[in-house]
Amino acid sequence: MADIQHWKVTEPYLHLHCGLGEAPYYEESSQTLRFVDIVKEKLHTVDLKQGPSSHKIIDLDDAITTTADIEGTKDELIVGAKKGYAYYKRSSGKLEYIKKVWDESDGPGKENRMRCNDGAVDRAGRYWVGTMNDPKVTAPSGEGVLFRLDPDLGLHRMIEKVSIPNGIGWSGDDKKMFFIDSPTRNIFVYDFDLETGNISNRRVFFHYDGDDEGVPDGFAMDIEGNLWTAICGGGKVLKVSPEGKVVGVIEMPTRMMSCPGFAGEDLFVTSAEEEEPEQYPDSVEYGGSLFRVNVGITGMPLHRFRRS
């Protein structure tokens, strides 16, 4: 049996109080990391060359939950937001919806009680975004959908009856797609057709059976095919091998870890505020902070949305 790697993080890279930090995204050309606070409706950026002193916070007009670059522009991002897909223009701070995901066929009130959550772009430039019940409105149930937005802005419902959709990613050969629905404690894997964007043959790739309250949240994939998944409520990040085995553990100083993202060989991990401060007082101080740990391997390249 292979030895399990261990890391221990004792303090944050940025000591913040995000309500729900999410979606770390490394912009390699500028060596900048961006991430969002879904609850407080903020966009955070930090220049990794300059360090924590360069941290900036941008107020948003809507809850952005996931972001991706667009081919051919640095000013615009494509994002998942409250009502669906939108373009966010950095120079003006304006959000423009391009594809709202709910319509009359979904019944009354669905747009109000739902929001986007995690998302990722595949190698063909399609943006996959999961939706869930907005906790500000109602408790999560099985109303969520994993959507796929194609470059021509065609919208496809790929997975129905999702509760809390999180990590989305693909194997290096583009033959598998991984997806998390957090309350199941499973990372699912599907057969993936890069040409068509179709998925099939769902099975469980990894099941988290920890004796804490944790569930898999977001994940990032390294160049060797390992999945690094945050365990929200478990205070750690797990390194899961391509065979679905735990081969590494990063211990964190707060419980509510949300999403990792690579910047070179550094893994940056967002977190949320502690949900049960009286029961877990030691988790409160750093809840909502951003953490960094060098893990000695780089991540898979991030793909850009190919707007046609």
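Which residue lies over the face of tyrosine 25? Arginine 34 does, at 4.0 Å from the ring centre.

## Basis of the description

The model is predicted, so that local features need pLDDT of at least 70 and side-chain atom pairs count only at pLDDT 80 or more, while totals for chains, interfaces and linings use all residues. Residues are numbered from 1 along each chain as its sequence is written, and side-chain values use heavy atoms, with hydrogens and water left out.

## Charges over rings

A charge is taken to sit over a ring if NZ of Lys or CZ of Arg is within 6 Å of the ring centre and within 35 degrees of the ring normal. Besides the contact of arginine 34 with tyrosine 25, the charged end of lysine 100 is placed over the ring of tyrosine 97, 5.5 Å from its centre.

Strands are DSSP runs of E with at least two residues, and helices are runs of H or I with at least four, both numbered from the N terminus. Two strands pair if DSSP finds at least two bridges between them. An open sheet with antiparallel pairing is made of four strands in the order 2-3-4-5. Its edges are strand 2 (21-27) and strand 5 (56-59), each of which pairs on one side only. On average, neighbouring strands in this sheet are turned by 20° against each other, direction ignored; axes are lines fitted to C-alpha atoms, for helices over the stretch in contact, and angles run from 0 to 180 degrees between N-to-C directions.

Within the sheet, six bridges join strand 3 (residues 32-37) to strand 4 (residues 42-47) in the antiparallel sense. Valine 36 has leucine 43 in strand 4 as its bridge partner.

Strand 7 (residues 73-80) and strand 8 (residues 84-89) are paired in the antiparallel sense over five bridges. The bridge partner of valine 79 in strand 8 is alanine 86.

Strand 18 (residues 215-221) is largely enclosed by the rest of the structure, because six of its seven residues are buried; buried means under 20% relative accessible area, exposed over 50%, and partly exposed in between (1.4 Å probe, protein chains only). Strand 18 runs antiparallel to strand 19 (residues 227-232), and five bridges join them. Proline 216 stands opposite isoleucine 231 in strand 19. The two strands form a hairpin with five residues between them, and glycine 225 in the turn has a positive phi of about 90°.

## Aromatic pairs

Rings of Phe, Tyr and Trp (its six-membered ring) pair if their centres lie within 6.5 Å; planes under 30 degrees apart count as stacked, over 60 as edge-to-face and the rest as tilted. The whole structure holds nine aromatic pairs. One of them is the edge-to-face pair of tryptophan 102 and phenylalanine 147, with 5.4 Å centre to centre and 75° between the planes. This pair links distant parts of the chain, 45 residues apart: tryptophan 102 is in the loop between strand 9 (94-100) and helix 1 (110-113), and phenylalanine 147 is in strand 12 (residues 144-149). Both tryptophan 102 and phenylalanine 147 are buried.

Tryptophan 170 and phenylalanine 192 form a tilted pair, 6.0 Å centre to centre with 55° between the planes. Since tryptophan 170 lies in strand 14 (residues 165-170) and phenylalanine 192 in strand 16 (residues 186-192), the pair ties together parts that are 22 residues apart in sequence. Tryptophan 170 is buried at 9% relative accessibility, and phenylalanine 192 is buried with a relative accessible area of 7%. Ring pairs also link Trp7, Trp228 and Phe262 into a cluster.

## Glycine 248

Glycine 248 belongs to strand 21 (residues 246-251) and counts as buried at 0% relative accessibility. Apart from neighbours within four places in sequence, glycine 248 is in contact (heavy atoms within 4.5 Å) with Ile4, Gln5, Trp7, Val237, Leu238 and Lys239.

## Cysteines

With a disulfide defined as a pair of cysteine sulfur atoms within 2.5 Å, the count is zero. Cysteine 116 is in no disulfide, and the nearest cysteine sulfur, that of cysteine 259, is 15 Å away. Cysteine 116 is buried at 1% relative accessibility. Cysteine 232 is likewise in no disulfide, with the nearest cysteine sulfur, that of cysteine 259, 11 Å away. At 15% relative accessibility, cysteine 232 is buried.
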